Amino acid sequence: MTSPNPEPPLSPTTLQCTPRRASAASDHRVQRAHYSPPWANTSIIGIAGSSGSGKTSLSHAIIRELNLPWVVIMSMDSFYRPLMPEQSAAAFSNEYDFDAPEAIDFDNLVEKLRQVKSGQKANIPLYSFEKHARLDRTTTIYSPHVMILEGIFALHDERVLDLLDLKIFAEADADLCLSRRLLRDVRERGRDIEGCVKQWFRFVKPNFHKFVEPQRHIADIIVPRGIENKVAISMVTDRIHKTLAQKSRLHQVELKRLGKVSEDDPLSANVSILHHTNQIRGINTLLSRPDLDREDFIFYFDRLTAILIEKACDIGLTFKPCRISTPVPNETYRGFALDGEVSAVVILRGGSCLETGLKRVIPDCRTGRMLIQTNFRTGEPELHFYKLALDIAEHGCVFLLDPQMSSGGAALMAVRVLLDHGVSEERIVFVVYMAGKMGLRRLMSVFPEIRVVVCRIVEDLERRWVEQRYLGC
Amino acid sequence: MSSTHLDRPSGVLQRAPSGHLGPSYKPKEEKPTATVSTEVTHSNVTILPQTPQLIALLTMIRNKATNRADFIFYSNRINRLLVEEALNHLPVLPHTITTPVDRTYNGVKFEGKICGVSIMRAGEAMEQALRECCRSVRIGKILIQRDEETSKPRLFYDKLPEDVSQRWVLLLDPMLATGGSALMAIDVLRSKGVPEEHILFLNLIASPEGAANFAQRYPKVRIVTAFVDQGLNEKNYIVPGLGDFGDRYYTL
């Protein structure tokens, strides 16, 4: 035992340090593998045709037939240019030409299409026909595998054509088009019949011959009779199914390739494995016993999760120094205060098993959700739904929760979604109970700057059994 | 215990030093500094790892501006870390099982029975954390108060499980100042036949003096603490400390 040190705090251990920039430089050398999610290189199908030719109902018929969450429709109506005051007055007296290409903001459209095509998030403007103006809000399109672009000028602009994978022209008799348009404008857009007829002969019909009809010649498929044309619809949906299957295959190949790329790498230093104390080994033993009561399973799993989240806090949170006064007179303490908000995102459905533990550590933690399900036939992870805090990009740290990781497909997808919503890589902490090394290596080779907290390293490709035990189904 | 002993507790390396705290991947200059636990050399004292997170939790409960709800929540979080650490000092036996995916797991199984004993009233505030880790644990109580006339601690009441001598005891008291009442509680446990080495004393903030007293009187009792503070003031309050734990938890 050494003698007591009578010196007060603030001692020599605080020390000078010469700032070192080497770490910043070495960061750039981090090896990074490329991963494209299954929604990258989105297939875009353009459907053009005269006003009232049934483009919208054709698009809806195709979507209905497919019945898949990854196919969306985008209407070119969203891209009407906002009107100047005098144009707006003209529009209300049906004197404004909505059926000329000039009425469409093609630059904006091309920008959004490029974002969708590259797998990014795109904010689509909303247009009100009652007010003839763009609304303040936008709607977000993210991660469709296939998008249908419909509008009278869907095949008009060269730049749009370059982005289309399939070009369709919907054809219908002119009198049918007129009657449909009359019904729609009067019922849905609050117009009167005279105004509509005036518009038709003044703008719609001449523009059809001048701009719309020529698109017929560049279309891949011309669909007469709209939704009655079952053969044409099933041709198109077959084609989309093939495209989707192809995308899924490519994604699988991509995942396998990532596994190979990183097969021999040691686990990244950013992966923290929980120290296996006696208690943790004991709890793991209990949790792995198939004959453990569900009640006990939940109790021990929650207990372990709280430890896991404490560890994630140690790793991911940032603090700023502060000095506070204690209740003892004239005494202060030099400690830390949390710097920046911590939030969580659970990968459903398994991630919800970690929420009880999360709430024990951070009771008011804001929690986003992402439903990623593995297709049992193909083994392909699929993003079905997500809802994130709007200001998630500003949070100091985001915990991503999933009880188990095998191939790493769901984790790769979830991290990609967070990055696309503005969360920077080094602020993400992936918290997982069990993981295989292959999955971890894949994840870290693509996103080397995220942190991972894991309790147990298990064999590769272990079946997801934890959530089944915890949730009881 | 002599007053000279209190003035110069043994086994103290450095009182309340500064530390750069942060994850290992960050260079030192990016880690902020805070006052960390006094290092002591007594082999029976286990101090929780001084992580930035633990320092932030301690900052919350030390701050006199922290309201009661937050005080309760954050002290409970540290208490849970203490219980988890203390449980790791209990013996285990090897236990191999087959997992749901038909793999072998070389695990362990917990050995021996435990019970909690709280020193009233502040010690009872740590029972919640104990229950969160060990659901149906038995909890005994000991009431020790300072005698007005002699100003020495005096035992008023104890109620312990009948088979306490067969159990590992987690003794709960959040503050270890001079250690007077905690040492008396250990006398009580010993008189009921609990071996010294089967007692784990859990406490949030200790003084170097209290830790030294324990090391001298009961060197086999394991102390698990979150922080060894700078010292004691003339009224024997831990400084900088956090005030009266019981008052802040129950009545203030």
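The following questions and answers concern contacts within and between the chains of a predicted model.

Me: On what conventions do the values rest, and which pLDDT do side-chain atom pairs need?
Reply: Residues are numbered from 1 along each chain as its sequence is written, and chains are lettered from A and ligands numbered from 1 in the order in which they are written. Side-chain values use heavy atoms, with hydrogens and water left out, while in this predicted model totals for chains, interfaces and linings use all residues, local features need pLDDT of at least 70, and side-chain atom pairs count only at pLDDT 80 or more.

Me: How many salt bridges does the structure hold over all chains?
Reply: A salt bridge is a side-chain nitrogen of Lys or Arg within 4 Å of a carboxyl oxygen of Asp or Glu. Over all chains, the number of salt bridges is 35.

Me: Is Asp185(A) buried or exposed?
Reply: Asp185(A) forms a salt bridge with Arg184(A), at 3.3 Å from N to O. Buried means under 20% relative accessible area, exposed over 50%, and partly exposed in between (1.4 Å probe, protein chains only). Arg184(A) has a relative accessible area of 25%, so Arg184(A) is partly exposed. Asp185(A) has a relative accessible area of 2%, and therefore counts as buried.

Me: Which residues are linked with Arg184(A) and Asp185(A) in a network of salt bridges?
Reply: The pair of Arg184(A) and Asp185(A) belongs to a network of salt bridges.

Me: Which helices hold Arg80(B) and Glu310(A)?
Reply: The side chains of Arg80(B) and Glu310(A) meet in a salt bridge of 3.9 Å, N to O. Helices (H or I, at least four residues) and strands (E, at least two) are DSSP runs, numbered from the N terminus. The pair joins two chains, because Arg80(B) lies in helix α3 (residues 68-87) of chain B and Glu310(A) in helix α10 (residues 294-316) of chain A.

Me: How many residues apart are Glu132(B) and Arg80(B)?
Reply: Glu132(B) also forms a salt bridge with Arg80(B), with the closest N and O atoms 2.9 Å apart. This pair links distant parts of the chain, since Glu132(B) is in helix α4 (residues 127-133) of chain B and Arg80(B) in helix α3 of chain B. Both Glu132(B) and Arg80(B) are buried. Their separation is 52 residues.

Me: What area is buried between chain A and chain B?
Reply: Contact means heavy atoms within 4.5 Å, and 67 residues from chain A and 70 residues from chain B take part. Buried area is the accessible area (1.4 Å probe) that two parts lose on being put together, summed over both. Carbon and sulfur atoms give 57% of the area, which is about 6,100 Å².

Me: How many residue pairs are in polar contact between chain A and chain B?
Reply: Across this interface there are 5 salt bridges. Arg303(A) and Glu84(B) meet in a salt bridge of 2.9 Å, N to O. A polar contact is a pair of N or O atoms within 3.5 Å; within protein, one must be able to donate a hydrogen and the other to accept it, and residues adjacent in sequence count only if both atoms are side-chain atoms. With both residues at pLDDT 80 or more, the count of residue pairs is 20.

Me: Which element gives the largest share of the side of chain A that touches chain B?
Reply: Several elements of chain A each supply at least two residues of this side, including α9 (278-288) and β16 (451-458). The largest share, 11 residues, comes from α10(A).

Me: Why is the pair of Phe301(A) and Tyr433(A) edge-to-face?
Reply: Rings of Phe, Tyr and Trp (its six-membered ring) pair if their centres lie within 6.5 Å; planes under 30 degrees apart count as stacked, over 60 as edge-to-face and the rest as tilted. By this rule there are 18 aromatic pairs over all chains. The rings of Phe301(A) and Tyr433(A) have their centres 5.3 Å apart, and the pair is edge-to-face because the planes stand at 85 degrees.

Me: Where does Ile47(A) lie?
Reply: Ile47(A) has a relative accessible area of 0%, and is therefore buried. Among the residues that Ile47(A) touches are Leu58(A), Ile62(A) and Ile148(A), not counting residues up to four places away in sequence. The place of Ile47(A) is strand β1 (residues 43-49) of chain A.
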